[in-house]
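The exercises below concern one protein chain. Work through each task before reading its solution.

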Amino acid sequence: MPCNQTHIRRLDESVLTNLSNHQMHDNGRHKCCQCAYNSGYEQGRQLRNSIHLNIDELGDSQARADGRHKSVHQAFALGYSDGIRDFIASDQ
């Protein structure tokens with residue numbers, strides 16, 4: 001079952017395969033890495049000093065295209081880094 005939330009930015013499946021396998025039961029199991037990435041990306045674009053991954057707000061998913069069995073924490077961190085990169089690029 002894929003995530004039913006809207007993803008403004010979508011990671012390619014090849015990027016998701018590079019994330020670590022991660023099945024922490026109460027900390028991201030069957031949650032959508034695309035949602036985690038988008039949350040991190042938005043916080044990075046806003047240059048937030050205090051960032052937060054709210055796992056409860058992530059969509060539920062068991063689809064490979066949403067990062068099934070991958071780390072939502074790594075997806076969030078990647079999104080945050082990409083958001084900062086894009087902020088810097090847009091400022092030049």
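Rings of Phe, Tyr and Trp (its six-membered ring) pair if their centres lie within 6.5 Å; planes under 30 degrees apart count as stacked. The model is predicted.

**Exercise 1**

Find how many aromatic pairs this rule gives, and classify what you find.

Solution. By the rule, the count comes to one aromatic pair. The ring centres of Tyr37 and Tyr41 are 6.2 Å apart and their planes meet at 25 degrees, so the pair is stacked. The angle is what decides the class, because planes under 30 degrees apart count as stacked.

**Exercise 2**

Solution. Buried means under 20% relative accessible area. Tyr37 has 3% relative accessibility and therefore counts as buried.

**Exercise 3**

Locate Leu19, state whether Leu19 is buried or exposed, and list its contacts beyond four places in sequence.

Solution. Leu19 lies in the loop between helix H1 (13-16) and helix H2 (33-45). Its relative accessible area is 9%, so Leu19 is buried. With neighbours within four places in sequence left aside, Leu19 is in contact with Cys33, Lys70, Ser71, Gln74 and Ala75. For Cys33, the separation from Leu19 is 14 residues in sequence and 9.5 Å in space, C-alpha to C-alpha.

How values were computed:
Residues numbered from 1 in each chain as written. Predicted model: local features only at pLDDT ≥ 70, side-chain atom pairs only at ≥ 80, totals over all residues. Heavy atoms only, no water. Helix = DSSP H or I, 4+ residues; strand = E, 2+ residues; numbered from the N terminus. Buried < 20%, exposed > 50% of the residue type's maximum accessible area, 1.4 Å probe, protein only. Contact = heavy atoms within 4.5 Å. Phe/Tyr/Trp six-rings, centres within 6.5 Å; stacked < 30°, edge-to-face > 60°.
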